[in-house]
Amino acid sequence: MSEGITVRRQKRKSSHTKWKLCFFLTLVILLMVIALFSEQLAPYDPYEQNLMEAMQPPSTKHIMGTDQHGRDMFSRVLVGGRTSIFATLALVAVIALFGTVVGTLCGYYGGRLDSLVMRISDVCLAFPGLVFAMAVAALLGGGISNAVLALAVISWPKYSRVARSQTLALKTAPFISAARLSGCGSNQIILRHILPNILGPILVTAMLDIGTMMMELAGLSFLGLGAKPPVAEWGNMMSSGRSMLQMYPWVVLSPGIGIFISVALFNLLGDTVRDYLDPRNSRSR
Amino acid sequence: MEPILQVSGLTKTFHANGKPDFTAVDQVSFLLYPGETVGIVGESGCGKSTLAKLLCRLLDVTEGTIRLCGQDITKARDRELFGAYRNIQMVFQDPLTSFDPRRTLGDGIGESLRNAGVSKTERERRVVELLEQCGLSETFAGRYPHEVSGGQCQRAAIARALAIKPKLLLCDEATSALDVTVQQQIMELLKELREKEKLSYLFICHNLALVQSFCDRVLVMHEGKIVEEGTTDQVIFYPQSDYTKILLDSIL
C-alpha cells in the first residue's frame, strides 16, 4: 500500500520535471525566435530618430515609450535582445567548448601541463571576473565581440574545473580499463567514453551560466565597454537612460524588463535541465 | 610445451608524495601453460588485483618481465599492446561499472571487433553469437548496463572478453560481487568455455571453495609475494607456509 503511494509520487514528480522542461524550453525557443526575427517584428525602425516624439511615456502608439532621441523603446528592446542573447549564447558556447577540451585533456593526461593549466585557472577563479573583463575590454577597445572575448578569457576555468574533476573520477572506472583492453587508444577513450559521460554536468553548468553571462555582458556594455551606441543592446540602453531614471523611468525599465525576462527564463531552464539530468530522477536512459 | 604466460621477477612499486614507497607486487614469478587454470588467492590488499592490472599492462611495470605467447609485452605500447590484447582479456570484479553507462551492452561487446576493423553487420552477428554463447538472448545487445542484473551483466562482460578469441582469460574476482546462486551459474559458464574454447584462466579469488573446484594450480599471495605454489589439492590439504595455514584456518 505505502509502496504503491511512493511509486506514484515519484512517477508524478519525474513527469512533472519533464513537463516543466518542455514548457521552459518552448519559452526559451520562443524568446530566441523573437530575438532572431526582431527586425521584422519591431513596429518601428529602432535607429530612426524623431526628436518631435522624444521622451514619450508608454502609450498605445509606443507601448514602452520613446527615448531622448524619439526612438521607439519597444523596437529597440526587441532588436537589442538579439545582440544580447546571441552574444551571450556565443560566449557560453565558446567557454564551454574550450573549458571542456582543456579540462578533459588535463584530467586525462595529468602531469606538468595539468598543474600549469590548473594554476592559471586558479588565478582566473580567484580574480574578480568583471574587473578583469573590464581591464581586457578596455585594452581591446569597445565593441560587443571584444566584450565577449574579454569575458571568455576569465570565464573558461569554471568549465575546465568541472570537466577535469569528472574526467579524473571516470578515468579509473573499470569500463575505461575495459575499453583499453578492447583496443581503444586514448583518443577513442576520450571521445567515445569520457566526453559523453561528462556532458551532463557541463550542460547544466552552461545552462545556469547563460543568465550570469548575460548580466555580465550587459554590465560591460553599461560601463561603456561592450556594444557601442547607437547599436541597440540592453546594457548600453540602460546606461544611456540612467541619468533620466527619475523623470523618464521607462527608458531604463524597458531594457531592464528584457534582461529580467531572459535571465529568469534561462536560469529556470537551467534548473530544470539539472533536475532532469539528476541521476536520482530515474529515467529510462 | 611453451608456457602461454611467463612472468619473472615482476615488481610494482607505488611512489606517493610524502609517504614511503609501497611495493604492491614483489618479485612475482610464475608460468601458465595452455589449457591450464591457475588460481591466485590471498587476503584483500595482498596485491592480487595489482598483479592482474600489471599483466594486462593497465599499470606500468616497475621491474621484471611479462612474456605472453612468447612475446615480451613488459614495455609494449600502442599497436604492440593491442596485439597482445588479442591473447589476453580480463573480466572485472564489478560487472555493472565495467560497462560504459551511456552505451549498450552490444556496443561494449562489439567494441574490440570495431577496433579490429570488423564491419557493422558482421559485428552485430558476432555480438548475438557471443551473447548466446554466454547464455543471454540477443535482446540484451540493445540494453544498458543499469537495465540488467549483476549476473546478466557479468555474462555480457565475459562475452565481451571472448569477442576477439583470447587464449588467456584473467578473472579478477569475477564472481565476488554476485550472490551465491548466480556465482554458481557463472562458474558453470566459465567451465563450459574452458572445454569448448580451450581457454586458459588466471583466476583471482578469495573463495577457496571455488578455487578448489575450478583450478589446477594455486598461487598464494601475501604482502605482494608468492608464498606458496602448488596443485590445488596439495596447497589446500598439505599447506607448507604459515600464511597459507592461517588463510585456510580462517575459512574452514
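Modeller: Two strands are said to pair if DSSP finds at least two bridges between them. Strands (E, at least two residues) and helices (H or I, at least four) are DSSP runs, numbered from the N terminus. The model is predicted, so local features need pLDDT of at least 70 and side-chain atom pairs count only at pLDDT 80 or more, while totals for chains, interfaces and linings use all residues; side-chain values use heavy atoms, with hydrogens and water left out. Residues are numbered from 1 along each chain as its sequence is written, and chains are lettered from A and ligands numbered from 1 in the order in which they are written.

The sheet lies in chain B, where six strands form an open sheet in the order 6-7-8-3-9-10 with mixed pairing. Its edges are strand 6 (88-91) and strand 10 (225-231) of chain B, each of which pairs on one side only. On average, neighbouring strands of this sheet are turned by 20° against each other, direction ignored. Such angles are taken between axes, which are lines fitted to C-alpha atoms, for helices over the stretch in contact; angles run from 0 to 180 degrees between N-to-C directions.

Strand 6 of chain B pairs with strand 7 of chain B in the parallel sense over four bridges. In this pairing, I88(B) stands opposite L168(B) of strand 7 of chain B. In a regular strand the side chains alternate between the two faces of the sheet. Along strand 6 of chain B, I88(B) and M90(B) point one way, whereas Q89(B) and V91(B) point the other way, and all are buried. Buried means under 20% relative accessible area, exposed over 50%, and partly exposed in between (1.4 Å probe, protein chains only).

Further along the order, strand 3 (residues 37-41) and strand 9 (residues 217-222) of chain B are joined by four bridges in the parallel sense. Here I40(B) faces L219(B) of strand 9 of chain B.

Helix 1 (residues 48-55) of chain B lies across strand 3, strand 6, strand 7 (168-172), strand 8 (200-204) and strand 9 of chain B. Helix 1 of chain B runs at about 150° to strand 7 of chain B.

Methods. Contact = heavy atoms within 4.5 Å.
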